[in-house]
Amino acid sequence: MSPTEHERLKALVFQPVIRSTPVYYLWLAFLLVVFGAGVLAYLNQLNRGLVVTGMRDAVVWGLYISNFVFFSGLSMAGTFISAILRITGAGWRRPLTRLAELSTVAALLMTALMPVVDMGRPDRILNLVRFGRLESPLLWDLMVIPTYLVASALYLYLFLIPDVAVLRDELKGRVSGLRRRLYSLLALGWRGLSEQRQSLEWAGTVMMLVVIPIGVATHSVVSWIFGMTFRVGWNSTIFAPYFVVGALYSGTALLITLMFIIRRLYHLEDYLTEQHFRYLGYLMAAFGMVYFYFTFAEYLTTGYKLGGEEKDLLEEVFFGRYSRLVWPGFLAGQVLPVLLAVHPRTRTIPVLFGASLLVNVGMWLKRFIIVVPSLAAPLLPAYGWGIYIPTLTEVAVTVGSFAGFALVITIFAKLFPIVSLWETEPERELMVETGGPSLMGGQDD
Amino acid sequence: MVAGLAAPALIGAGGLSQPSADSRSRSTRRRQWVLVIDLRKCEGCVTTGKPPQCVEACNVEHFVPRGQEWIRVLEMKDLTGHTYFLPRPCMQCENAPCVRVCPVGASYHNEEGVVLIDHRRCIGCRLCMAACPYGARVFNWGQPENPPGALFADYRPEYPVPHLKGTVEKCMLCAHRTQNGKLPACAQACPMFAIYLGDLTEDVATNGKEVVQLSTFLAENHAFRLREELGTRPRVWYVPGHGQEYGRDVRDTRTPKKPRSWQELGATLENPHGGHQ
């Protein structure tokens, strides 16, 4: 990369940090309004109780817990995928890692929020610390998710340091004193010395190795909230790996979505090429196929016997009340995106973007189908099927949480470069991939 | 007769409004309560013309919030397609899934084997409701209505009044009554004497009218427990039947009337049984 090219990249990457367009503020205001509406809806719920939701004694969990599972899946996007790609030395990941790690942090914040929103007595949340019982699957989540959040935030921060140092050095006089102090503080005296680089490399490698098992643990414990009960459809040994693969699928798709948006907004067409999309598309397709396989294995073993309550559940899900959600979600969310991502004619950037959106719409539906029908299924024949229709409050909080997710990314993008400058420039790249084998990239280094 | 020794206290106390001194003196013994529900005697109160009396008695005893039924009379289908009635309280499982999953220990077993909820500690996560395989748990989704003066009542898990918003509720086997030697409200109110309170330590059970040896009664009448295969080890036993002891025909298609709430029954803290009795 020539010096002029370096300057060009730097300008592209840092420009949004230095100057914001009216569109940015419009978008920010829009997100704030939507998020605010969600907060208002929640305050009303806080005041009147969960009676304002559609949840009742039969179906005790609904949109909130579906969102909880969904956001936890999105969180896989980042750290895990970015760590895996780093560890395998896939060079093409470089412009993506920052975004991936950031979306993990944003998704985890929403993951942590959702169970609190769902609580009947959020005022007693500290009881979880005061009286917490390790036997409860909820405690497992309480321990793992904050750990994942802290580890992901650290991971994001570590690889941000060299870029923050550039901001500190180059933005003198161009940003407010407060922001300069923030950069100076966060840069931790980074001068790009070789000892500093070695420390960063070491810390990065450690975090990489730490974050992967924490990611697996997170999706496992989320699944065990359900798997530790006797409920039909949840009482399954496959749940933990099923959720992990679902998260990988969902997370990779999110990465493609975000990559598309960032590419457009930042004019990074030269750095985020069709090849990046194609590689991520392959990963997404691979995870999608494993997910499909798990889904197939799960439903075949319960469906084959056509016995008892499992038969009733499958009938209700595939041919009954929930079939309107299941089939579109399955075809558009699991089958179509995989086909689009592998077919030579369709694996183009816009199509992959569309496919990635489909995946996450499908995965959200899938989460809903995991959570609700198992609760609605009668525990004793006399009960009959429970009914759950989400209310406006739940919809508002759900939409608000998506706005909250986007808000975290939007605000971050204003403060820090969302594409890692020092990692995107191969000359200044100093670590990790030097020795490691390349997964499937490398040729674009 | 072994059972006869302990039984009079239970029978006698059950009919009195005040606990007898006799039962109090015996309360140092750690009972292990069970319920036995004789379905041969349960006809869903359809022949009485009243709503199920167990449910209504429970409603007034605990000021059960409107819309909840801590004991619920289920209309079951037998294998030939005919109906029988099955009152379903909390099963008080020995291996209770709800107690296991509770993140804060708000659900627990007391020393007498009864599953209680500490509503001052419950965080309202409803994991216990997802875990209960019997659907015995209900939730205060909004602010439940309490009788006047209830806010000053001396709350304890054995007598959970006042009811609190955002917490889980369920049958607690009238722990406040059994402590004082009384039958649970449902057993007391059953006009057919279908519900027996038993004590595993003494191997005895009574419905307030007769006393039986628990183990013999269960064995001789092919008693079963709900969803036995799950291994929850419920403390509620059923004797199979369809109300035949009171002449209910198994082909009878009448269904129980809707139970009235404590408000409809006019219960107050001073007069818990309202105008009803």
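## Chain contact, a helix pair and an open sheet

In this predicted model, the contact between the two chains draws 33 residues from chain A and 33 residues from chain B. On the side of chain A that touches chain B, helix H6 (127–130) and helix H7 (137–158) of chain A each contribute at least two residues, and the largest share, three residues, belongs to H7(A). Sorted by class, that side of chain A holds 19 nonpolar, six polar and eight charged residues.

Within chain A, helix H11 (residues 239–266) packs against helix H12 (residues 274–303) at an angle of about 155 degrees, and their axes are 9 Å apart. Because angles over 145 degrees count as roughly antiparallel, H11(A) and H12(A) are therefore roughly antiparallel to each other, and their crossing is left-handed. The residues that meet include A:Tyr242, A:Leu248 and A:Ile256 in H11(A), and A:Phe277, A:Met284 and A:Glu298 in H12(A). The residues of this contact of H11(A) with H12(A) divide into 16 nonpolar, five polar and one charged.

The class counts for these two sets of residues are as follows.

Chain B contains an open sheet of five strands in the order E10-E9-E8-E1-E11, with mixed pairing. Its edge strands, each pairing on one side only, are strand E10 (211–213) and strand E11 (236–239) of chain B, and the twist from one strand to the next averages 25 degrees. Strand E1 (residues 33–38) of chain B runs parallel to E11(B) and is joined to E11(B) by four bridges; B:Asp38 has B:Val239 in E11(B) as its bridge partner.

Terms used:
Residues numbered from 1 in each chain as written. Chains lettered and ligands numbered in written order. Predicted model: local features only at pLDDT ≥ 70, side-chain atom pairs only at ≥ 80, totals over all residues. Contact = placed C-beta atoms within 7 Å. Nonpolar A, V, L, I, M, F, W, Y, C, P; charged D, E, K, R; others polar. Pairing = 2+ DSSP bridges. Axes fitted to C-alpha atoms, helices over the stretch in contact; angles between N-to-C directions. Parallel < 35°, antiparallel > 145°, perpendicular 65-115°, else oblique. Left-handed = near helix turned anticlockwise from the far one by under 90°.
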